[in-house]
Amino acid sequence: MAMGSKKRKRERATTHPRNKYSDNPPDFSLLASKYSTFAPYVFYSGDGRPRIDWTDFNATRELTRVLLHHDHGLNWWIPDGQLCPTVPNRSNYIHWIEDLLSSDIIPKVQADRNTAKGFDIGTGTNCIYPLLGASLLGWKFVGSDFTDVALEWAEKNVKSNPHISELIEVRRVNMENPASSSEELNDEPGKYGQCTDADFNNGKAVVIGPSPPAHLQMPSGIGKGYGGPPILVGVVKDGEKFDFCMCNPPFFETIEEAGLNPKTSCGGTVQEMVCPGGESAFITRIIEDSVQLRQSFRWYTSMVGRKANLKVLISKLWEVGATIVKTTEFVQGQTCRWGLAWSFLPASKKILPPHVAEKNNMSFMLEGLQRHQSAFDVLQSVESYFCNIGASSKLDSASFKVDVTLSAEQCNTILKTQTQIGTDQDILISANCPSDQLNDMHLCVSVFQQIPGTLLVKGLLLQKEIPVPGVFSVIFQQLQEDLKSKFSKGIR
Ligand SMILES: C[S@@+](CC[C@H](N)C(=O)[O-])C[C@H]1O[C@@H](n2cnc3c(N)ncnc32)[C@H](O)[C@@H]1O
């Protein structure tokens, strides 16, 4: 088995149920026995489990190659250093889109087509989403990119798979047509700032020219600075219709911010990982383009790397008149990403706003950690926070979580000491509850690395029956206050 059983259990809980790997994670021994090129990368640790060195790019690339071949019948390769996708993780996004397409929240696929058609923004050298979508579900795709290396290799990857090559078009984004952010800007391409080819290819795109007028600028400081190649407007052809677009955007503003995860090596060049303004600028531009293209796509979707950006982008979507906004969460190891989807089609179902439903999971970002403070220190603080109020609290270092059991009396103590409620979480109760209405409560708190210095802390109520509405929210918010006072001094 490739992973520890606890870690596997947690990933399984967050892996899409139709994902091939949700019940059968990759079996390195089996793959090594079938693929002699993979065998040299597999070694056996003290507990007898087969492993690979995740910090070795050649090992992760060979794993992706053999998984795509063994499980999906695909031939695939990428040059050294290019972003190497993990197949189980990328499959989750495909299955989430499959759910969106089959849901009846908005009208189903247009009657004139029986094959779904998607647009993969930034398909990369790996062309992973079109390859998976076409081979798993028979979807048609346009995969766009602007770098020569991405276009050349995406094309090679498509041609190496003749059984699906008819389904996939690799489309060059024309760099001479700089992106514009609104109809007004679109009237005069480049009027309010453009980026030169050379600048962008160095990963240092600079916006030149005057800034757009205030009414065209994004609120909350997001979206500023994207001066890169066009994304949808100018790339989608007149009259083209798609069921969805998807995007794994360049998440970072600088290569330093991208950092290098010392535990894995998945490659990734500046052009793949970085864009001016980071992911918020990139996705904001997709939102702006969607306002222009509106019903040319049934669903617009993108991956989002930071929860703080997700919140701002959701507000933006309501502001621009999206009829539906949906989110999901993708977890892989210690990495947590979100899926954001929206549409301008009239909703065929009434959707309750999320705060109407009782929450059984909550999360917050813990920012501003010092170099010497690790995720493990935060977990120890969580454990001692609950121990100090007499709860049973157990740190599980293998899966980076703390399991907590609080008695009814302890829940009540927390409620009594509650001083302040109602930040950005939905708090449903504000008063102290009589003890006889409370039950024991079981919850688990996990932490995930976001970027250096920032962690995501998640709480999950482990029982189906929620003892008293809102108690969990209050308890989790108190934990948030406690951790922020210890680790995020000066950041509120
Ligand atoms: C993070 S990589 C994602 C690659 C691949 N889709 C994956 O999931 O591994 C982002 C890709 O977007 C491309 N890109 C950046 N700006 C773009 C734009 N305006 N239009 C199309 N592709 C773009 C980059 O060249 C890069 O290949």
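Trainee: Where is leucine 479 found?
Mentor: Leucine 479 is part of helix α16, which covers residues 471-487; helices here are DSSP runs of H or I with at least four residues, strands are runs of E with at least two, and both are numbered from the N terminus. This is a predicted model, in which local features need pLDDT of at least 70, side-chain atom pairs count only at pLDDT 80 or more, and totals for chains, interfaces and linings use all residues. Residues are numbered from 1 along each chain as its sequence is written, and side-chain values use heavy atoms, with hydrogens and water left out.

Trainee: Is leucine 479 buried or exposed?
Mentor: Leucine 479 is buried, because its relative accessible area is 1% (buried means under 20%, exposed over 50%, and partly exposed in between, with a 1.4 Å probe and protein chains only).

Trainee: How far apart are leucine 479 and serine 381 in space?
Mentor: Their C-alpha atoms are 9.6 Å apart, although 98 residues separate leucine 479 and serine 381 in sequence.

Trainee: Let us turn to the ligand. Which residues come nearest?
Mentor: Of the 22 residues around the ligand, those that come nearest are Arg90, Gly122, Asn126, Asp145 and Asn248; a residue is counted if one of its heavy atoms lies within 4 Å of the ligand.

Trainee: A change of topic: what is the phi of cysteine 127?
Mentor: Phi is near 50 degrees in cysteine 127, a positive value in a residue other than glycine. Most residues other than glycine have a negative phi. Cysteine 127 lies in the loop between β3 (117-121) and α5, and cysteine 127 counts as buried because its relative accessibility is 0%.

Trainee: What about arginine 294?
Mentor: Arginine 294 also has a positive phi, near 35 degrees. The loop between α12 (278-293) and β7 (297-304) holds arginine 294.

Trainee: Why does arginine 294 count as partly exposed?
Mentor: Arginine 294 counts as partly exposed because its relative accessibility is 35%.
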